[in-house]
Amino acid sequence: MTIDEDRPPLREWEPEHNERVTHWRDPDTVGTVIESGQYGHFADPCWRASVRWDGGRVERGIETSSLVRVDGTQGRR
């Protein structure tokens with residue numbers, strides 16, 4: 001197995017502000033990233049995002065490994 005240098009581990013994906021995302025377990029629900037930040041221990045960081053789902057509900061602190069862009073991708077572009 002080789003490591004793809006262009007794709008960070010999913011826990012390290014920092015979605016961009018205003019990026020459109022879905023939750024992997026509910027791909028029909030789309031939302032917009034309103035903020036993101038890095039959490040966890042410096043040796044094991046993860047990114048969490050707050051998302052305003054279409055319809056107005058805001059969910060905070062979602063680990064980015066649970067999110068995907070609407071085109072199905074994660075990580076750096």
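This is a predicted model: local features need pLDDT of at least 70, side-chain atom pairs count only at pLDDT 80 or more; totals for chains, interfaces and linings use all residues.
Q: Quick one to start: is E19 buried or exposed?
A: E19 counts as buried, at 10% relative accessibility. Here buried means under 20% relative accessible area, exposed means over 50%, and partly exposed is anything in between, using a 1.4 Å probe and protein chains only.

Q: OK, back to E19. Which residue does E19 form a salt bridge with?
A: R69, with the closest N and O atoms 2.4 Å apart. A salt bridge here is a side-chain nitrogen of Lys or Arg within 4 Å of a carboxyl oxygen of Asp or Glu.

Q: Which parts does that pair tie together?
A: E19 sits in the segment before β1 (20-23) and R69 in strand β5 (residues 67-69), so the link joins parts 50 residues apart in sequence. Strands are DSSP runs of E with at least two residues, and helices are runs of H or I with at least four, numbered from the N terminus.

Q: What about R69, buried or exposed?
A: Buried, at 5% relative accessibility.

Q: How many salt bridges does a search of the whole structure find?
A: Four. Among them is R20 with D54, where the closest N and O atoms are 2.9 Å apart. R20 belongs to strand β1 and D54 to the loop between β3 (44-53) and β4 (58-63), so this pair connects parts 34 residues apart in sequence. R20 is partly exposed at 33%, and D54 is also partly exposed, at 49%.

Q: And which side chain does E35 meet in a salt bridge?
A: R60, at 3.3 Å from N to O. E35 is in strand β2 (residues 26-41) and R60 in strand β4, so the two tie together parts 25 residues apart in sequence. E35 is partly exposed with a relative accessible area of 41%, while R60 is exposed at 57%.

Q: Switching to the sheet: in what order do the five strands come?
A: The order is β4-β3-β2-β1-β5, in an open sheet with antiparallel pairing. The edges are β4 and β5, each pairing on one side only. On average, neighbouring strands are turned by 45° against each other, direction ignored. For that angle, axes are lines fitted to C-alpha atoms (for helices, over the stretch in contact), and angles run from 0 to 180 degrees between N-to-C directions.

Q: How many bridges join β2 to β3?
A: Ten, and the two strands run antiparallel. V33 has V51 in β3 as its bridge partner. Two strands count as paired if DSSP finds at least two bridges between them.

Q: And on the β1 side, over how many bridges do β1 and β5 pair?
A: Three, antiparallel. T22 has V68 of β5 as its partner.

Q: Why is β3 largely enclosed by the rest of the structure?
A: Because seven of its ten residues are buried. Strand β3 also runs antiparallel to β4, joined by four bridges. R48 stands opposite E63 in β4.

Q: R48 again. Which ring does the charged end of R48 sit over?
A: The ring of Y39, 5.9 Å from its centre. The test is that NZ of Lys or CZ of Arg lies within 6 Å of the ring centre and within 35 degrees of the ring normal.

Q: Now G61. Which residues is G61 in contact with, leaving aside its neighbours within four places?
A: R48, A49 and S50, with contact meaning heavy atoms within 4.5 Å. G61 is in strand β4 and is partly exposed at 38%. G61 and S36 are 25 residues apart in sequence, and their C-alphas are 8.2 Å apart.

Q: Last topic, backbone angles. Which residue takes a positive phi in the hairpin of β3 and β4?
A: G55, near 110°; that hairpin has four residues between the strands. N18 has a positive phi too, about 70°, although it is not a glycine. Most residues other than glycine have a negative phi. N18 lies in the segment before β1.

Notes:
Residues are numbered from 1 along each chain as its sequence is written. Side-chain values use heavy atoms; hydrogens and water are left out.
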